[in-house]
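Please work through the model shown below by way of questions and answers.

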Amino acid sequence: MSTWDWDVFWGSIPDLLAGLVVALQATVLGYLIALVLGLVFALLRRSKSLWISVPAAVVIEFIRSTPLLVQLFFLFYVLPTVGISFSTLFTAAIGLGVHYATYVSEVYRSGIDGVPAGQWEAARALNLPARRTWTSVILPQALPRAMPALANYVIAMFKDTPVLVAITVVEMLTVALSIGSETFLYAEPITMAGILYLVTALVMSWFARIFERRFGQVRAA
Amino acid sequence: MSPGLWQYMIEGLVVTLQLTIFGALLGLVFAFAAGLARLSKHKILRAMGFLYTEIFRGMSALIVLFWLIFVIPRFGYQLAPLFAGVLALALNIGAYGAEVVRGAVRAIPQSQLEAATALNFTPWQRTRKVVLPQAIVAMIPAFSNNLIELLKASALVSIVYLSDLTFGAQLVRASTQNTAGVFGGLLVAYGVIALIFTVLMRFLERRAAASLGRTVPPGMIARIFRKEASA
């Protein structure tokens, strides 16, 4: 057993933190995409027309049940061949966003289903148009119900960012491997990267709990 | 595509299925061990269960995999690549499964435990004859989700050059240059495997529920057919 090099272990922190910032950027960008696209998915899946709801359900289940890694490869290698080119970070955000939109849509769906039936009936009795029913009655009650689970998916998405090493995004794992290839010591930077991932995820879940307490309740109008 | 290239895919498929099935079995062991430990009366067992679930749910499976492959050898052990893959996936999915086990056991009504005590069951008899038969049925739907997560996570091993289905597809892509076709086909292949696992788990769920005299409401596919039949 070779000796553990503490200099490499501690010295890897600044570079890894730069990678952490990139991982967080991908998470935030991807999450914004997931929030918007997820709501679209949820509404399509609830459509009364089978011609809309069934294809939406098939697409959602397909995206959910195939690996994020392969979806990222698909975007990373196929988009340029059809003339679309984004930065790798943005490609990563699209991949994460579309993948997690399928999870997020289920969260919205259960939030919407949690709105009491009486609220729908009341909106109908007041003769509100469909758009008003959604924006003024249903969503303001459904979204707070969905908050806690929505916050959990930010953390889940952050935990998936090491996968981005496969499409050359310079996040923490990529940085750890490049430190390894320079120093021939892989164990130290990878262990430090693991610790930083864990600490960040724990801090995020701590914030999520505060956020949930602050915004998680349905407020009386 | 030449027969040689199909060979890569078939061999890759076998590795992916091995990873998923062995990972699920080992993950089940971790899930039960940690889930039951967290419900134990002993403080140390509870703490160990808690640490395990928090660490491995907070850590991506890929980091655990890299750790097993690059860090463990420094301490003088070299894991076989396939075993490292199975272990990384099992540690990850086991932490999620532990919460499923814990939730299902805690959902058993208190009155049933009291009834078992009143009948003078030993704690082990109570667990084996009253708690587990009902808890396991309650766990199956969540476990089928975990199984699909495991299947998806198995693709990560291709990053450390384990020759699974995704790795095979990368070789085929490199030699045919048909990027959209190969990765599109690969996505469909994972979708089909996931569908097969889902159908099998759904069957298991029905059988298990029937053994307790319950029925499972029809799923999405059954509902679609029913709607069209009634329309």
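Q: With which residues is Leu164(A) in contact, leaving aside its neighbours within four places in sequence?
A: The model is a predicted one, and contact here stands for heavy atoms within 4.5 Å. Leu164(A) is also named among the residues with the most contacts inside the largest nonpolar core. Once the neighbours within four places in sequence are set aside, its partners are Ala26(A), Leu72(A), Ala92(A), Leu96(A), Val169(A) and Glu171(A).

Q: How many residues has the largest nonpolar core, and which helix gives the largest share of this core?
A: Those with the most contacts inside this core are Leu16(A), Leu164(A), Leu173(A), Leu62(B), Phe66(B) and Met139(B), and the core has 113 residues. The largest share, 13 residues, comes from residues 81-106 of chain B, that is, from helix α4.

Q: How many residues are in the second, separate core?
A: Among its members are Ile112(A), Val115(A), Ala123(A) and Ala142(A).

Q: What is the helix content of residues 190-211 of chain A?
A: In an unreviewed entry, UniProt lists this span as a "transmembrane region", together with residues 20-44, 56-78, 84-103 and 163-184 of chain A. For residues 163-184 the end C-alpha atoms lie 22 Å apart, and that span is 55% helix and 0% strand. For residues 190-211 the end C-alpha atoms lie 31 Å apart, with 0% strand and a helix content of 100%.

Q: Why does Ile195(A) count as partly exposed?
A: Ile195(A) is placed in helix α9 (residues 187-215) of chain A. Together with Val199(A), Val203(A), Trp206(A), Phe207(A) and Ile210(A), it makes a nonpolar surface patch of about 550 Å². Buried means under 20% relative accessible area and exposed means over 50%, with partly exposed in between. Ile195(A) therefore counts as partly exposed, because its relative accessibility is 38%.

Q: How many helices does the secondary structure of chain A come to?
A: Read along the sequence, the chain follows the pattern α-α-α-α-α-α-α-α-α. In chain A there are accordingly zero strands, and the helices come to nine.

Q: What percentage of the accessible surface of chain A belongs to carbon and sulfur atoms?
A: The C-alpha trace of chain A spans about 75 × 45 × 25 Å along its principal axes, and buried residues make up 46% of its 221 residues. The accessible surface of chain A comes to about 10900 Å², and the part belonging to carbon and sulfur atoms is 66%.

Terms used. Residues are numbered from 1 along each chain as its sequence is written. Chains are lettered from A and ligands numbered from 1 in the order in which they are written. This is a predicted model: local features need pLDDT of at least 70, side-chain atom pairs count only at pLDDT 80 or more; totals for chains, interfaces and linings use all residues. Side-chain values use heavy atoms; hydrogens and water are left out. Patches are made of residues with over 30% relative accessible area and no salt bridge: like charges are joined within 9 Å, nonpolar side chains (Val, Leu, Ile, Met, Phe, Trp, Tyr) within 5 Å. Accessible areas come from the Shrake-Rupley method with a 1.4 Å probe; for residues, only the protein chains shown count as cover. A salt bridge is a side-chain nitrogen of Lys or Arg within 4 Å of a carboxyl oxygen of Asp or Glu. Helices (H or I, at least four residues) and strands (E, at least two) are DSSP runs, numbered from the N terminus. Buried means under 20% relative accessible area, exposed over 50%, partly exposed in between (1.4 Å probe, protein chains only). UniProt positions are given in the numbering used here, feature names are shortened, and annotations may be inferred rather than shown by experiment. A nonpolar core is a set of buried Ala, Val, Leu, Ile, Met, Phe, Trp, Tyr and Cys residues joined through side-chain atoms within 4.5 Å.
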